[in-house]
Amino acid sequence: MTTSPPTHVRGYAPAPAGTHPNLDWPAYRSTELRAPKHRPILLPHRLTEVTGPLLTGPAGPADNDLTRQHAGEPQGQRIIVFGRVLDSDGRPVPDTLVEVWQANAAGRYAHQNDNWPAPLDPNFTGSGRVVTDSLGNYSFTTIKPGAYPWRNHHNAWRPAHIHFSLFGRAFTQRLVTQMYFPDDPLFPYDPIFNSVPDEAARKRMIATFDLDATKPEWALAYRFDIVLRGREQTPFEEPHA
Amino acid sequence: MPELTPSQTVGPYLALGLTWPDGHLVVPEDAPGAIVVHGVVTDGAGEPVPDAVVETWQADADGRFDHPEDPRGGSGFRGFGRCLTAPDGSWRVVSVKPGAIGDGQAPHIDVSVLARGLLDRVVTRIYFPDEQAANAADPLLATVPQERRSTLLAVPDGPGRFRFDIRLQGEGETVFLAV
């Protein structure tokens, strides 16, 4: 065991322009008082940034099956959501915690602040977690969430989506995103989906229906691969005096 | 090569998915050398942000990470804290003061803030007020305009307590970092 920190740290590659939303995006009204006005200052990647929590978190037996967390089965279309977590070098991201949360089949969240007149489902909480395997694969079972109204603008409805939170293997790889469903008619009207400038990048948030992964007379299946940042090609050299 | 998945906001119901009962306990409350780092997240109107999550990542008291990238080997230190903000915008993490890594940087904690209204996380760093010499030599702090540097410094708040308020926008806006 050495006693010195590494003198060369290989950082993580920046995202291509247009991949991530700009924080200042007036069409999504909540950004108005929350998006910082100053430009961020560059943080070159050093040891704190290329390390990160390798936690699997508090995991219970039904954490990857959101349909089995209560006495009865939830209402709605049962689905399997699965995929791989990779980095942009094509390497799988193993043993990483994936946290998900979503509305129920009627489009209502089991959250005290969601009060629109759609029914709560006593058999559905809508939160789950799963850890990727050694090849970066994950899979969970849930029900297809409904669309729901929000007050961003007149008659605003969010397309159905599942929230995803991932750690990866480094602080720089942290990602929170939303998975959408194919052919949702609400896409053109949603300022959150459309906050991603690049159209091809936007489409990477849409899962694909996968007939081969469905379970006959049980569940439909959607594939959603998630890609986190990969490494820089050249290490960052500490300018030691 | 696969292309990156874009970021999206955590939305207003993040508590459903991101609540951990011991999230704020990087170490137990009664651990030797435990410190409390706490503060309030406010918006551009100075109002509290009640639907944010503050996440912290740091070295242990000896400046090491329990991670394969640190050749010194790990101590089993979790290093990670997560606290959802309360209705008054407050958050609180129990940890130990990070040691100097030994690469010329002052002791620091990396911080992510995610919230409704933030389409991507914002990142900042906590530095410590009792590390004046180390802070003066820190390579990141040297790139921050002098008049904004204080937003990255925790404020002493009694024995073992440090206050770090996060102002997302407006007067005294916290310095955020591009990672």
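A:D95 is placed in the loop between strand 3 (78-87) and strand 4 of chain A, where helices (H or I, at least four residues) and strands (E, at least two) are DSSP runs numbered from the N terminus. This is a predicted model, in which local features need pLDDT of at least 70 and side-chain atom pairs count only at pLDDT 80 or more, while totals for chains, interfaces and linings use all residues. Residues are numbered from 1 along each chain as its sequence is written, and chains are lettered from A and ligands numbered from 1 in the order in which they are written.

**Loop residues of chain A**

Although A:D95 is not a glycine, its phi is positive, at about 55 degrees. A:D183 likewise is not a glycine and has a positive phi of about 60 degrees; A:D183 belongs to the loop between strand 10 and helix 2 (199-203) of chain A. A:R169 lies in the loop between strand 9 and strand 10 of chain A.

The table gives the burial of these residues. A residue is buried if 20 or more other C-beta atoms lie within 10 Å of its own, exposed if 12 or fewer, and partly exposed in between, with C-beta atoms placed from the backbone.

| Residue | C-beta neighbours inside 10 Å | Class |
|---|---|---|
| A:D95 | 14 neighbours | partly exposed |
| A:D183 | 8 neighbours | exposed |
| A:R169 | 22 neighbours | buried |

Leaving aside residues up to four places away in sequence, A:R169 touches A:G52, A:L54, A:V93 and A:T96; contact requires C-beta atoms, placed from the backbone, within 7 Å. From A:R169 to A:D87 the C-alpha distance is 10.0 Å, although 82 residues separate them in sequence.

**The four-stranded sheet**

Chain A contains an open sheet of four strands in the order 5-4-9-10, with antiparallel pairing. Strand 5 and strand 10 (175-180) of chain A each have a single partner strand and stand at the edges, so one side of each is left without a neighbour in the sheet. From one strand to the next the twist averages 25 degrees; axes are lines fitted to C-alpha atoms, for helices over the stretch in contact, and angles run from 0 to 180 degrees between N-to-C directions.

Two strands count as paired if DSSP finds at least two bridges between them. Strand 4 (residues 97-102) of chain A runs antiparallel to strand 5 of chain A, joined by five bridges, and A:W101 stands opposite A:S127 in strand 5 of chain A. Five bridges also link strand 4 of chain A with strand 9 (residues 161-166) of chain A in the antiparallel sense; here A:Q102 faces A:I162. Four of the five residues of strand 5 (residues 127-131) of chain A are buried, so this strand is largely enclosed by the rest of the structure.

**The recorded domain**

In an unreviewed entry, UniProt places the feature "domain: Intradiol ring-cleavage dioxygenases" at residues 81-109 of chain A. That span is 0% helix and 45% strand, and its end C-alpha atoms lie 19 Å apart.

**Contact between the chains**

The contact takes 72 residues from chain A and 63 residues from chain B. Strand 5 of chain B provides five residues, the largest share of the side of chain B that touches chain A. Strand 2 (residues 41-42) of chain A and strand 10 of chain B run parallel and are joined by two bridges, with B:A178 as the bridge partner of A:L42.

Terms used
Contact = placed C-beta atoms within 7 Å. UniProt positions renumbered as here; feature names shortened; annotations may be inferred.
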